[in-house]
Amino acid sequence: MDQNIATIPMVDLKKEIKLLRRPLMQALTEVLDSGEYVLGEKGRKLERMTANYLGLKYSLGVANGTDALKLSLKALNIGPGDEVVTTPFTFVATAEAIAQVGAKPVFIDIDKETYNLDSNKLESALTPNSKAIIVVHLFGQAANMQEITKIAKANHLFVIEDACQSFGTEYQGKRVGSIGDIGCFSFFPSKNLGGFGDGGLVTMNEKTLYDKIGTLRNHGSSEKYLHSMIGENSRLNEFQAAVLLVKLHYLEPYLKRRIDTASRYTKKLHEAIKTPAIPKDRQHTFHQYCIEHDRRNELIEELKRNQIDSAIYYPVPLHLQEAFHYLGYKNGDFPIAEDVSSRILGLPISSMLSIENQNHIIATVNEFTEKTLP
Ligand SMILES: *Cc1c(COP(=O)(O)O)cnc(C)c1O
């Protein structure tokens, strides 16, 4: 092992930024000189461009992805007494947003191949208080929207897409975030489309929802100093919008490189390793590339010894998190989410990962696997 080799990080944002330095500096300078830093021309342009890219009528920039979810729930009048069905195998923000508006998160187990919520388990979780489903397109892979939309329609439920990890992912000819009633995105730096700080986006086709969320994000005001409802301060600033406009321009080739890296991993990793499944009707843009391994914790150490970062997404499913104890779930309630949590491991993946580093990662994982085969 060569101590001079730098550790391969999960994502290499610095390297990505280096390539785009000129257009990024240009865009940031334009904002500096504009004198307009919140709700300005860059933000409006980003809203137009993202709505266009995602294939829907409206986009609204907000402060972060969690706010995107929270404002969506508020706009649909979801609050105390209401239940929202979602997956326990996601980043905490999905359920946190439900709790923050005073509604109750109701979890259902996941599909063991795609890690997205299992639509077969949806109907049994519904009660007269169910108002909405938050579907998460996890790790960059589209969830089973056809089935979920059908069940939602039959039961008069809203569908909110948590597409925070899946900007650009397609599903049956549409982009995720444009299929349900509302789509939510995060521009956290490490996401498929990331800014230089926090940011988020809410997307919709309904004019009434557009107007309402536009008002809610800006202190309940659609006309200066007139407040029609209690809102919040959740706006995307002009610097983030400027950065995101530049990065949106380069998104497609960057996503393609992630997808190419992932298919290389899948082709070359040892056959005893469970690699990501992609059903025929789905697309996966690989915000994360996660494998399952029986000896995951030892593998993490072996990767570390070889200067390779890895990360567990997610070590504890939400129904077992202390913050959600009040919901009354216990160990064993969602066996698939629990089993996957104990075995899953994310490997480095980014548009900037070199072939040499990919090969080093593949060889390290394969050698360890070969050595430890039962
Ligand atoms: C990142 C993320 C969020 C929240 O986004 P923030 O911008 O960090 O608030 C919500 N849901 C999922 C699935 C995410 O990955």
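This briefing describes selected features of one protein structure, grouped by topic. The model is predicted, so local features need pLDDT of at least 70 and side-chain atom pairs count only at pLDDT 80 or more, while totals for chains, interfaces and linings use all residues. Residues are numbered from 1 along each chain as its sequence is written, and side-chain values use heavy atoms, with hydrogens and water left out.

**Helix α4 and its ends**

- Helix α4 spans residues 65–75; helices (H or I, at least four residues) and strands (E, at least two) are DSSP runs, numbered from the N terminus.
- Nine of the eleven residues of α4 are buried, where buried means under 20% relative accessible area, exposed over 50%, and partly exposed in between (1.4 Å probe, protein chains only).
- Among the buried residues of α4 are Asp67, Leu69, Lys70 and Leu73.
- An α-helix has 3.6 residues a turn, so residues three or four places apart point the same way.
- The N-terminal end of α4 is capped by Asn64, whose side-chain oxygen lies 3.1 Å from the backbone nitrogen of Thr66.
- Such a polar contact is a pair of N or O atoms within 3.5 Å; within protein, one must be able to donate a hydrogen and the other to accept it, and residues adjacent in sequence count only if both atoms are side-chain atoms.
- Just after α4, Asn77 has a positive phi of about 60°.

- Most residues other than glycine have a negative phi, and most peptide bonds are trans.
- Tyr115 has a positive phi, near 70°, and is located in the loop between β3 (104–107) and β4 (130–136).
- With a relative accessible area of 4%, Tyr115 is buried.
- His156 also has a positive phi, near 55°, and belongs to the loop between α6 (145–154) and β5 (158–162).
- His156 counts as exposed because its relative accessibility is 72%.
- Tyr313 and Tyr314 are joined by a cis peptide bond, with omega about 0°.
- Tyr314 is in the loop between α10 (296–305) and α11 (335–343).

**Surface patches**

- Tyr37, Val38 and Leu39 make a nonpolar surface patch of about 230 Å².
- Patches are made of residues with over 30% relative accessible area and no salt bridge; like charges are joined within 9 Å, and nonpolar side chains (Val, Leu, Ile, Met, Phe, Trp, Tyr) within 5 Å.
- Accessible areas come from the Shrake-Rupley method with a 1.4 Å probe; for residues, only the protein chains shown count as cover.
- Val38 lies in the loop between α2 (21–34) and α3 (41–54), and it counts as partly exposed at 42% relative accessibility.
- A patch of positive charge on the surface brings together Lys14, Lys15, Lys18 and Arg257.
- Lys and Arg count as positive and Asp and Glu as negative, whereas His and the chain ends are not counted; the place of a charge is taken as NZ of Lys, CZ of Arg, CG of Asp or CD of Glu.
- Helix α1 (residues 13–19) gives the most to the positive patch, with three residues.
- Lys18 lies in helix α1 and is exposed, with a relative accessible area of 68%.

**Salt bridges**

- The whole structure contains 26 salt bridges, each a side-chain nitrogen of Lys or Arg within 4 Å of a carboxyl oxygen of Asp or Glu.
- Lys131 is partly exposed at 33% relative accessibility, whereas Asp82 is buried at 9%.
- Arg175 and Glu170 form a salt bridge at 3.3 Å, N to O; Arg175 is buried at 15% relative accessibility, and Glu170 is partly exposed at 34%.
- Glu298 and Arg295 form a salt bridge at 3.0 Å, N to O.
- Salt bridges that share partners join Lys112, Glu113, Lys274, Glu292, Asp294, Asp339 and Arg343 into one network.

- Ser186 is part of strand β8 (residues 182–186) and is buried, with a relative accessible area of 10%.
- The side chain of Ser186 reaches the backbone nitrogen of Phe188 at 3.1 Å.
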